[in-house]
Amino acid sequence: MSNQVIGEAYVTLQHHYGASKVETRAALFTVFESGLVTPQGEEATLDTLRADGGPGLVDRLIVEGYQREGLSTLTLDRRMAALPGAQRL
């Protein structure tokens, strides 16, 4: 499962179903632990899901995905730019 799909599921569960951020992360881990799907970035993506504080999860997923490809993330967002692998414009 790509980071984009994980991010979309994260936002959808909160916005449309009223799940909290904690509940949403737990649900995503349940899906991955079931073995039905695997995150594309495997352990790196799971580590990103475990991290909290600072930039939002979707921002962290974006940076993690680019890092996996050996790329930097350029952003105007100060909080996102604080992540390793991101650079503020």
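## Basis of the model

The structure is a predicted model, in which local features need pLDDT of at least 70 and side-chain atom pairs count only at pLDDT 80 or more, while totals for chains, interfaces and linings use all residues. Residues are numbered from 1 along each chain as its sequence is written, and side-chain values use heavy atoms, with hydrogens and water left out.

## Overall fold

The protein chain contains five helices and two strands; these are DSSP runs numbered from the N terminus, with helices (H or I) of at least four residues and strands (E) of at least two. Read from the N terminus, the order of elements is α-α-α-α-β-α-β.

For 89 residues, a compact globule would have a radius of gyration near 12 Å, and the 13 Å of the protein chain agrees with this. The radius is taken over C-alpha atoms, and the globule rule is 2.2 Å times the number of residues to the power 0.38. Along the principal axes, the C-alpha atoms fill a box of roughly 35 × 25 × 15 Å. Of the contacts (heavy atoms within 4.5 Å) between residues at least 6 apart in sequence, 33% join residues at least 24 apart.

Buried residues account for 31% of the 89 residues. Here, buried means under 20% relative accessible area, exposed means over 50%, and partly exposed lies in between, with a 1.4 Å probe and protein chains only. A nonpolar core is a set of buried Ala, Val, Leu, Ile, Met, Phe, Trp, Tyr and Cys residues joined through side-chain atoms within 4.5 Å.

The largest such core has nine residues: Ile6, Tyr10, Leu28, Phe29, Phe32, Leu46, Leu49, Leu57 and Leu61. At least two residues of this core come from each of α1 (3-17), α2 (21-34), α3 (43-50) and α4 (57-68), and α2 gives the most, with three. Apart from neighbours within four places in sequence, Leu49 is in contact with Ile6, Arg25, Leu28, Phe29, Phe32 and Leu57.

## Surface

The accessible surface of the protein chain is about 5700 Å², and 55% of it belongs to carbon and sulfur atoms; such areas come from the Shrake-Rupley method with a 1.4 Å probe, and for residues only the protein chains shown count as cover.

Val11, Val58, Ile62, Tyr66 and Leu71 form a nonpolar surface patch of about 400 Å². Patches consist of residues with over 30% relative accessible area and no salt bridge, like charges being joined within 9 Å and nonpolar side chains (Val, Leu, Ile, Met, Phe, Trp, Tyr) within 5 Å. Helix α4 supplies the largest share of the nonpolar patch, three residues. Tyr66 lies in α4 and counts as partly exposed because its relative accessibility is 40%.

## Salt bridges

A salt bridge is a side-chain nitrogen of Lys or Arg within 4 Å of a carboxyl oxygen of Asp or Glu, and by this rule there are three. Arg50 pairs with Glu43, with the closest N and O atoms 3.0 Å apart, and also with Asp47 at 2.8 Å. Asp47 and Arg50 are three residues apart in helix α3, so about one helical turn separates them.

Glu64 is buried, at 6% relative accessibility, whereas Arg68 is partly exposed, at 32%. Shared partners join Glu43, Asp47 and Arg50 into one network of salt bridges.
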